[in-house]
Amino acid sequence: MGAASKVKDALKFDIEVVKGPHTGLRLSFANGTATMGRGPENDIVLANDPRISRQHAEIRQRGNEFLIVNLSQKNFVMLNGESIQSEILHKGSVIQIGDSEIRFTPEVVASEPVMPVMPAAPPVPSPSASVLKPMAPTGLPQMPAAGMPSMPPGAVRPQMPMGHPQQGVGYQQQAPRPAPRPPSGGSLLSNPKARFYGIIVILALVGWYLMTPAKKGKDQNAFRTSAISMQDVAEAEKRTQELMNIKKEKYDSVQYKRAQENFIRGFRDFQQGQYARAREAFQVVLNLDPENELAKRYYHLSKIKFDELVKFNLIQGSRYREKKNWRMCQSNYSNVITMLQNRRDDPSYKEAKQFYEECTLNLEGGRL
């Protein structure tokens, strides 16, 4: 049951060698993993590439993604031009080992189409009863109510007071007309000539206030003259020139050039996976130029990568030790001892030294 479920969950992928002695080689895998190297025991055999280790790297499935893991302790593995130890693969990723470049293509899993959700139609407002109001008929003759005596011809019917509740249905109240506004010909603002002279007077008052010297008790710097502004500009130019001279002296100094050389060396070592040497180079840069933010960043990144590499070798050594692969076990623990040779009090160094001696004894015993 375990093997069947493993095959069921495994994803398919294809590889194609696009550069190197085996250019054109294409292989497909359906078990979720594949090893590559010069040895015939590998799934991807690249025997004609002398710069490839016997067991160099492994493509490994993890859930719904794939990883490329470096199994060689002497040779590098590069993914898309960057040196790695373990990294996630994507469609079109290019793996370089030795002189060979391998393109990785995973199987595309079709996803179920998602039905679009139609937006709900907005509710139709129902007509309100208050909108439709009966209109009272206007201009119709008023008929005498039932039971009331009719007026004789020529008589005048008394008028009902406005707002009386017994007004007829056809009665229509007229709003009073607004009183006519008096002509505004006497206003000063309506006269264009008066308005023009008023603006002239206001501008003259503002100009007189600005040109009057400041009185005692007022801020002497309330209005800055052009002479003071030019003096500020001259001082700013002087400070700028001084800063430019300081920067020029800094860039031309021997100390700055040494810092740049060590930064380039450290960056090259960082790209090649030599994190210990990269960290030393960036430390020299910080000693010469403590304000170099880029050197600070790569110094901390080198430390993180170095610790990750130590942990990776310890984990790989423990796996090979459990499988009784004494040669690979010895190789992984030897890498940890070499990397931590200046930190012998480190617990990782002591653990690697102990298991290295155990793997060495088992390896020598197997040869006897």
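I began at strand E4, where Ile44 is the bridge partner of Met36. I read helices (H or I, at least four residues) and strands (E, at least two) as DSSP runs, numbered from the N terminus. Two strands count as paired if DSSP finds at least two bridges between them.

**Basis of the entries.** I note that this is a predicted model, in which local features need pLDDT of at least 70 and side-chain atom pairs count only at pLDDT 80 or more, while totals for chains, interfaces and linings use all residues. Residues are numbered from 1 along each chain as its sequence is written, and side-chain values use heavy atoms, with hydrogens and water left out.

Strand E3 (residues 33-37) runs parallel to E4, and 2 bridges join them. I found both in an open sheet of 5 strands with mixed pairing, in the order E4-E3-E5-E6-E9. Strand E4 (44-45) and strand E9 (86-89) are the edge strands, each pairing on one side only.

**Antiparallel sheet.** I then traced an open sheet of 6 strands, ordered E2-E1-E11-E10-E7-E8, with antiparallel pairing. E2 and E8 each have a single partner strand, so one side of each is left without a neighbour in the sheet. Strand E1 (residues 13-19) is joined to strand E2 (residues 26-29) by 4 bridges, and the two run antiparallel. Within this pair I looked up Ile15, whose bridge partner in E2 is Leu27. E1 and E2 form a hairpin with 6 residues between them. I recorded a positive phi of about 115° for Gly20 in its turn. E1 is also joined to strand E11 (residues 100-106), by 6 bridges and again antiparallel; there Lys19 has Glu101 as its bridge partner.

**Helix H5.** I checked the span of H5 (residues 275-288): its 14 residues reach 20 Å from first C-alpha to last, close to the 20 Å expected at 1.5 Å a residue. The expected span is 1.5 Å times one less than the number of residues. Which residues of H5 are buried? I listed Tyr275, Ala278, Ala281, Phe282, Val285, Leu286 and Leu288. Seen down the axis of H5, they fall within an arc of 160°, so they line one face of the helix; the arc is that of the directions from the helix axis to the C-beta atoms. Glu280 and Asn287, on the other side of H5, are exposed. Buried means under 20% relative accessible area, exposed over 50%, and partly exposed in between (1.4 Å probe, protein chains only). The buried residues of H5 pack against strand E8 (82-83), helix H4 (254-271) and helix H6 (293-322).

**Cores.** A nonpolar core is a set of buried Ala, Val, Leu, Ile, Met, Phe, Trp, Tyr and Cys residues joined through side-chain atoms within 4.5 Å. The largest has 33 residues, and those with the most contacts inside it include Phe282, Val310 and Leu314. Strand E6 (65-70), H4, H5, H6, helix H7 (326-339) and helix H8 (347-367) each supply at least two residues of this core. H6 gives the largest share, 9 residues. I looked up Val310: leaving aside neighbours within four places in sequence, Val310 is in contact (heavy atoms within 4.5 Å) with Val336, Met339, Leu340 and Ser348. Apart from this core lies another, of 22 residues, with Met36, Ile44, Ile52 and Phe66 among them.
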